[in-house]
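I opened this model to look up how its parts touch one another. My entries follow in the order in which I made them.

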There are 2 protein chains.
Amino acid sequence: MYESFFRNFNSKVALTAEEEALIKNYLSPKKIRKKQYLLQDGDICKNIAFIEKGALKSYSVDDNGNEHIIQFALEGWIIADLYSFLTGEPATYNIDAIEDSELVLINKAAHEELLVKFPKYETFTRLNITNAYLAMQRRLTSIISSPIEERYSNFIAIYPDIVQRVPQHMIASYMGLTPETLSRIRRRILSK
Amino acid sequence: MYESFFRNFNSKVALTAEEEALIKNYLSPKKIRKKQYLLQDGDICKNIAFIEKGALKSYSVDDNGNEHIIQFALEGWIIADLYSFLTGEPATYNIDAIEDSELVLINKAAHEELLVKFPKYETFTRLNITNAYLAMQRRLTSIISSPIEERYSNFIAIYPDIVQRVPQHMIASYMGLTPETLSRIRRRILSK
DNA sequence: CCGGATCGTTGACCAAAGTCAATGGTTTTT
DNA sequence: AAAAACCATTGACTTTGGTCAACGATCCGG
């Protein structure tokens, strides 16, 4: 249990066997079925979830009932409403499972205690958030500076696994497009 | 010197006078004139810059010579090409001064040494990057889920100081719009 | 194995934003 | 103080993506 989590942790900050054993006490496993919510708009986000296996997405629903996908997360990624988690404010979006998934949860009390007791956990956290920041910046700059075709080509180059496993209309939503438009863009790209 | 920097630092992690004195040795001040570059596309980003006073922006220039503004930063903010800074790869965008500004620079060697020698500096860094992440996520979700009018209204509500000090066409670029479109949106909003 | 969702594609039409060009006001430079 | 550069606005036109509707294919649950 927690294999992927500790593989990931060790790749960022090496842990001794004792440290691993201690940290394990702060973790809890969770299995979640396809379409199940991990977090709903209005709830308070009580956990950070590391994905051992599977795929989840976070998304908001607007006044017209349209979903807008904020993030995809596969194995090795972390997903949460960080704002809600850190501030205790209600979440402003949903998280649910795209596939049956296995998670490692770290709740707020555990997170805070780990931060002060294990400097390595703080480093792990800092590196995770830094990676998340860089990934989001790539996405943002691509949104504001690249033509749509290039954005999509770029996306399939960086995240081929997501393209394989996630329905196309969710990817359209992630890119801020309608499914129809994405379908047309794909046709344009293919005919080149 | 460094007043704003340490005020900011202490608001996140309290320092003793001795710690402040030690950390000062890792910092260097820099003044930069309006329109001067802090970083140019292709350079390697050697410093993180904390803004004591003034305003800067980061932006990319596309194949047609159009600028796309990635970030504004005023007093109390940090600006850098974090990707380039962390990896040593050449920067993919520019940073320049919108106003005459005063900066506190932390170079890479200093940053790394501070991280290992001062756990408080790692906490400071973690909190900074977390804030940057949350701010960027707000921006991103607003781009993908709000109609443009609302995005602009939201922007002036959150960053009134930027609206005051930064020319409108830069704000248009930041929002992914042409200056003409932003001008028309403003008219629409005013006539309500 | 059947029936209903879900999904991707396509077409016709519409709405929104971009482009190009001109104008007038303001700021900056010399 | 005059010239130049910069900036916001407006109008006419074009391009792009969104909307609505229909159709087949596939997936999934009973």
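This is a predicted model: local features need pLDDT of at least 70, side-chain atom pairs count only at pLDDT 80 or more; totals for chains, interfaces and linings use all residues.

Residues are numbered from 1 along each chain as its sequence is written, chains are lettered from A and ligands numbered from 1 in the order in which they are written, and side-chain values use heavy atoms, with hydrogens and water left out.

**Chain B against chain A.** I looked up the contact first (heavy atoms within 4.5 Å). I found 29 residues of chain B touching 29 residues of chain A. The buried area is about 2900 Å², with 72% of it from carbon and sulfur atoms; this is the accessible area, for a 1.4 Å probe, that the two parts lose on being put together, summed over both. On the side of chain B, Tyr133(B), Met136(B) and Ile144(B) lose the most area to chain A, together 23% of what that side buries.

I get 2 salt bridges between chain B and chain A, taking a salt bridge as a side-chain nitrogen of Lys or Arg within 4 Å of a carboxyl oxygen of Asp or Glu. I noted the one between Glu122(A) and Arg126(B), whose closest N and O atoms are 2.5 Å apart.

**Elements in the interface.** β5 (67-74), α3 (82-87) and α5 (119-145) of chain B each supply at least two residues of the side that touches chain A. The largest share, 18 residues, comes from α5(B). I took helices (H or I, at least four residues) and strands (E, at least two) from DSSP runs, numbered from the N terminus. That side of chain B divides into 17 nonpolar, 8 polar and 4 charged residues. Here Ala, Val, Leu, Ile, Met, Phe, Trp, Tyr, Cys and Pro count as nonpolar, Asp, Glu, Lys and Arg as charged, and the others, Gly among them, as polar.

**DNA strand D.** I count 17 residues around DNA strand D, the closest being Glu180(A), Thr181(A), Gln168(B), Ser183(B) and Arg184(B). A residue is near a strand if one of its heavy atoms lies within 4 Å of it. Phosphate oxygens of DNA strand D lie 3.3 Å from a side-chain N or O atom of Thr178(A) and 3.1 Å from one of Ser183(B).

**DNA strand C.** I count 17 residues around DNA strand C, including Gln168(A) and His169(A) among the closest. A backbone N or O atom of Gln168(A) lies 2.5 Å from a phosphate oxygen of DNA strand C. A side-chain N or O atom of Arg184(B) is 3.4 Å from a base oxygen of DNA strand C. The surface near DNA strand C divides into 3 nonpolar, 6 polar and 8 charged residues.

Key
A polar contact is a pair of N or O atoms within 3.5 Å; within protein, one must be able to donate a hydrogen and the other to accept it, and residues adjacent in sequence count only if both atoms are side-chain atoms.
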